[in-house]
Amino acid sequence: ARPTGTPGDFGLLERVSVVRTVDDAQMLRELLREEGIRATVTDAEGGYAVLVFSRDARRARDLVRS
């Protein structure tokens, strides 16, 4: 069975970035992993979303912007 919920509802995960290519998403995931933040990549409207646990979202967004 498929999970129910609204599109963009990632449960315990929050989107911290959407990028155009899977390579860009994987690069961001590696950057976050090197900083001790667990991240995953999923398809999203307009590209690929990088997701992290809510508790790490603020720090992850700061790292992605730098």
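Biologist: Which residues are buried in helix H2, residues 57–65?

Modeller: Keep in mind that this is a predicted model. In H2, Ala57, Ala60 and Leu63 are buried.

Biologist: What makes Arg65 exposed?

Modeller: Its relative accessible area is 64%. Exposed means over 50%. Arginine 65 therefore counts as exposed.

Biologist: What covers the buried residues of H2?

Modeller: The cover includes strand S1 (13–19), helix H1 (22–34) and strand S3 (47–53). Take alanine 57 as a case. Leaving aside neighbours within four places in sequence, alanine 57 is in contact with Glu14, Val16 and Val52.

Biologist: Now helix H1. Which of its residues are buried?

Modeller: Ala25, Leu28 and Leu32 are the buried ones. Their arc around the axis is only 65 degrees, so they lie on the same side of H1.

Biologist: What do the buried residues of H1 pack against?

Modeller: They pack against S1, S2, S3 and H2. On the other side of H1, Asp23, Met27 and Glu34 are exposed.

Biologist: How does the reach of H1 compare with the expected span?

Modeller: H1 has 13 residues and reaches 18 Å from its first C-alpha to its last. At 1.5 Å a residue, 18 Å is expected, and the reach is close to that.

Biologist: What follows H1?

Modeller: Glycine 36 does, with a positive phi near 85 degrees.

Biologist: Which residues make up the largest nonpolar core?

Modeller: There are twelve in all. Among them are Val16, Leu28, Ile37, Val50, Ala57 and Leu63. S1, H1, S3 and H2 each supply at least two residues of this core.

Biologist: Why is serine 17 called buried?

Modeller: Serine 17 has a relative accessible area of 14%. The cut-off for buried is under 20%. Serine 17 is therefore buried. This residue is found in strand S1. Leaving aside neighbours within four places in sequence, serine 17 is in contact with Leu28, Tyr48, Ala49, Val50 and Val64.

Biologist: And why is aspartate 56 called buried?

Modeller: At 18% relative accessibility, aspartate 56 also falls under 20%, so it counts as buried. Aspartate 56 lies in the loop between S3 and H2. Aspartate 56 and glycine 36 are 20 residues apart in sequence, and 9.6 Å apart in space from C-alpha to C-alpha.

Biologist: Let us turn to charges. How many salt bridges does the structure hold?

Modeller: Four.

Biologist: What makes glutamate 30 and arginine 33 a salt bridge?

Modeller: The closest N and O atoms of this pair are 3.1 Å apart. The cut-off is within 4 Å. The pair therefore qualifies. Glutamate 30 and arginine 33 are three residues apart in helix H1, so about one helical turn separates them.

Biologist: How close do arginine 59 and glutamate 35 come in their salt bridge?

Modeller: Their closest N and O atoms are 3.7 Å apart. This pair links distant parts of the chain, 24 residues apart. Arginine 59 is in helix H2, and glutamate 35 is in the loop between H1 and strand S2 (39–44). Arginine 59 is partly exposed at 41%, and glutamate 35 is partly exposed at 38%.

Biologist: How do you know that aspartate 62 and arginine 65 form a salt bridge?

Modeller: Their closest N and O atoms are 3.5 Å apart. That is within 4 Å, so the pair counts as a salt bridge. Both residues lie in helix H2, three residues apart, about one turn of the helix. Aspartate 62 is partly exposed at 44% relative accessibility.

Methods:
Residues numbered from 1 in each chain as written. Predicted model: local features only at pLDDT ≥ 70, side-chain atom pairs only at ≥ 80, totals over all residues. Heavy atoms only, no water. Buried < 20%, exposed > 50% of the residue type's maximum accessible area, 1.4 Å probe, protein only. Helix = DSSP H or I, 4+ residues; strand = E, 2+ residues; numbered from the N terminus. Contact = heavy atoms within 4.5 Å. Salt bridge = Lys/Arg side-chain N within 4 Å of Asp/Glu carboxyl O. Core = buried A, V, L, I, M, F, W, Y, C linked by side-chain atoms within 4.5 Å. Expected span 1.5 Å × (residues − 1). Arc of directions from axis to C-beta.
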